[in-house]
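Hi,

Here is the structure I promised to pass on. My notes follow below it.

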Amino acid sequence: MPPGPRRPARTARVAAALLAAVLSLTAAPATAVENPSPSGSGAPAVPLRVATYNIHAGAGEDQVFDLDRTAAALRDLRADVIGLQEVDVHWGERSAFADEARALAEKLRMRVFFAPIYDLDPAAGGHERRQYGVAVLSRHPVLHAENHEITRLSTQTPDPVPAPAPGFAEIVIRVKGVRTHVYSTHLDYRADPSIRAAQVADMLDVLADDRGPRILVGDFNAEPSAPELAPLWDTLRDAAPDAGPTYPAIAPQKRIDLITVSHGITVTGARTHATDASDHRPVVADLSLPRKNR
């Protein structure tokens with residue numbers, strides 16, 4: 001890998017991610033089914049249904065923008081927590097300048113934390129700032145939220161060089177007493193894996209600072225067997241190895257949208273969901289969280 005910038009320290013991460021940035025809405029009841037505790041545990045495990053979905057800025061495989069269709073696809077997952085990628089907030093005409101994070105949260109009666117990768121001046125005076133990034137929807141109250149920096153190669157500047165940039169979302173939720181970290185990511189799409197390798201290292205640095213159950217979801221733009229993702233599997237495991245490919249949405253060929261979990265979390269089921277509301281398919285997994293944080 002060519003030399004790049006040093007991995008950002010936790011103290012240097014974007015500080016704007018406070019609870020004030022989390023939109024709180026009336027939450028619907030959790031939908032995951034109660035599961036027995038894993039072998040050796042003295043208390044029932046805590047169920048949590050998690051999903052990940054690259055929403056393609058609200059445009060379907062047909063390239064038609066339809067946020068109601070996106071919301072319907074998300075609703076069908078019946079998930080408690082959903083990591084989103086390619087989320088527009090007042091970005092441009094392709095998404096009708098909508099605040100997609102807030103709109104989807106309202107449609108689904110969930111809370112949302114939006115973590116911009118890009119935060120640009122308005123296209124015209126008097127308008128909102130143009131933002132694009134990732135988000136996390138949650139039915140559970142959000143105790144903490146943060147927009148972390150990882151190495152990126154900008155798509156918005158000419159001749160970009162690898163540099164720390166925001167857009168790695170983390171929320172902390174408490175699920176029936178279990179404090180749980182959920183992260184949403186979108187890794188580099190280019191054929192050269194070096195940026196993704198740096199991003200994996202950066203994400204693992206963030207996860208290393210946290211304790212208890214950790215769930216990392218997102219569009220990794222690489223399949224689980226890719227060499228640049230290999231370091232992940234020392235800390236996490238693939239929650240949906242048999243769920244099927246996710247991209248493209250119609251006749252998918254690659255499994256690049258992943259749900260990964262820390263050791264101690266039990267996976268009781270996982271699947272992809274067939275929909276053409278985006279150019280990716282969503283993935284959903286039923287998890288059981290250990291009562292005792294590790």
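The mean pLDDT of the chain (the predictor's confidence in each residue, from 0 to 100) is 88, with 84% of residues at 70 or more. Where pLDDT is low, predicted coordinates should not be read in detail.

Ground rules: this is a predicted model, with local features needing pLDDT of at least 70 and side-chain atom pairs counting only at pLDDT 80 or more, while totals for chains, interfaces and linings use all residues. Residues are numbered from 1 along each chain as its sequence is written, and side-chain values use heavy atoms, with hydrogens and water left out.

**The sheet**

An open sheet of 6 strands runs in the order E6-E7-E8-E9-E11-E10, with mixed pairing. Strands (E, at least two residues) and helices (H or I, at least four) are DSSP runs numbered from the N terminus. Two strands pair if DSSP finds at least two bridges between them. E6 (142–152) and E10 (236–238) are the edge strands; each has a single partner strand, so one side of each lacks a neighbour in the sheet. Neighbouring strands are turned by 25 degrees against each other on average, direction ignored. Axes are lines fitted to C-alpha atoms, for helices over the stretch in contact, and angles run from 0 to 180 degrees between N-to-C directions.

E6 pairs antiparallel with E7 (residues 163–175) over 9 bridges. Ala145 stands opposite Ile171 in E7. Helix H3 (residues 194–208) packs on the sheet, touching E6, E7, E8 (178–186), E9 (214–219) and E10. The direction of H3 makes about 150 degrees with that of E6.

E7 and E8 run antiparallel, joined by 7 bridges. Val175 has Val178 in E8 as its bridge partner. The hairpin has 2 residues between these strands, and Lys176 takes a positive phi near 50 degrees.

The largest pocket has a volume of about 640 Å³. Of its 29 lining residues, Glu86, Tyr132, His186, Tyr189 and Asn221 are the closest to its centre. A pocket here is an open set of points on a 1 Å grid over the protein atoms alone, where a 1.4 Å probe fits, with protein on both sides within 12 Å along at least five of seven lines; lining residues have an atom within 4 Å of a point. Points are joined across faces, edges and corners, and the volume is the space filled by probe spheres set on them. The lining has 12 nonpolar, 8 polar and 9 charged residues. Ala, Val, Leu, Ile, Met, Phe, Trp, Tyr, Cys and Pro count as nonpolar, Asp, Glu, Lys and Arg as charged, and the others, Gly among them, as polar.

Best wishes

Notes. Contact means heavy atoms within 4.5 Å.
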